[in-house]
Amino acid sequence: MCGRYVSTRSSQNLVDLFQVTHWNPDELLAPSWNIAPTDKVWAVLERPDRESGALERQLRALRWGLVPSWAKSPNAGAKMINARMETVHEKPAYRRAFAERRCLLPADGFYEWQAIPATETMKARKQPYFISPEDSQVMALAGLYEFWRDRAVAEDSDPAAWWTTCTIITTEATDTAGRIHPRMPLTVAPADYEAWLDPAHQDPDELRALLTAPAHGHLDARAVSTAVNNVRNNGPQLLDDVAGTDAAGPVPGPFG
């Protein structure tokens, strides 16, 4: 799964990187080195203009944790942070969004935890790793988004009446990520942004073919502090490499 990630680029930087044509400059999100479920995250998506009908590439802040349009409450969203690529086109919670409401979730990298067995001097534990492209380029995580109507709000025109939520598509992990955790997020290559975001493109096999391993497998993984385990902790210090500095001995690396 992908349960935490990092996104520190400014909205203006993302507008340039993803060739966004419509965004609200007053909508701001602080850089985060510890994005957790239910946090607001940047998403790139395409929606038709209400007047002309022409597609606009938008940058919007969405809540991470997809709430299906038919859900009775938004509570399930905290658990629906990932959608499995193997079944995303057929699961009731995701299939309509996969056909019509796809997005890109910009990230610097993501965290995964490796199980470390117990020793004579230490209990079994999980060591966090930060996984990111070797060239430090932005990752365009493959995502879906959905609208949910809060019936407790009377007027449709009230912004509080609508929740816009998202999820990250994951697959079986390979390469560096696979040595740490069995699942990892999927990404979309820049050449495929247009096809992925176009809501008129709905062939499930063609869409699934657009999904790729992050950085085409050219990933760096480094052990980081367990401070990331606490969602209240944030800041660039969470990415500091702690390999080989563990008090009980070297931290096992991703290659054994």
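The exercises below work through a predicted model of one protein chain, each with a solution in steps.

**Exercise 1.** Decide whether the radius of gyration of the protein chain agrees with that of a compact globule.

*Solution.* Begin with the chain length, since a compact globule with 256 residues would have a radius of gyration near 18 Å. The protein chain has 19 Å, which agrees with that expectation. As a further description of its extent, the C-alpha atoms fill a box of roughly 65 × 40 × 35 Å along the principal axes, and 48% of the residues count as buried.

**Exercise 2.** Find which strands pair with strand E8, and in which sense.

*Solution.* Start at strand E1, residues 5-7, which pairs with E8 in the antiparallel sense over two bridges. Then turn to strand E9, residues 125-133, which is joined to E8 by seven bridges and also runs antiparallel to E8. Finally, look at the cover of E8, which spans residues 109-116 and has seven of its eight residues buried.

**Exercise 3.** Determine whether Arg57 is buried or exposed, and what its side chain reaches.

*Solution.* First locate Arg57, which lies in strand E5, residues 55-64. Its relative accessibility is 11%, and because buried means under 20%, Arg57 counts as buried. Next follow the side chain of Arg57, which reaches the backbone oxygen of Phe18 at 3.1 Å. Lastly, consider its surroundings, where Arg57 touches residues including Phe18, Val44, Glu46, Tyr193 and Leu197.

Notes. Residues numbered from 1 in each chain as written. Predicted model: local features only at pLDDT ≥ 70, side-chain atom pairs only at ≥ 80, totals over all residues. Heavy atoms only, no water. Buried < 20%, exposed > 50% of the residue type's maximum accessible area, 1.4 Å probe, protein only. Helix = DSSP H or I, 4+ residues; strand = E, 2+ residues; numbered from the N terminus. Pairing = 2+ DSSP bridges. Polar contact = N/O pair within 3.5 Å; in protein donor to acceptor, adjacent residues only side chain to side chain. Contact = heavy atoms within 4.5 Å. Rg over C-alpha atoms; globule rule 2.2 N^0.38 Å. Lists of a residue's contacts leave out its neighbours within four places in sequence.
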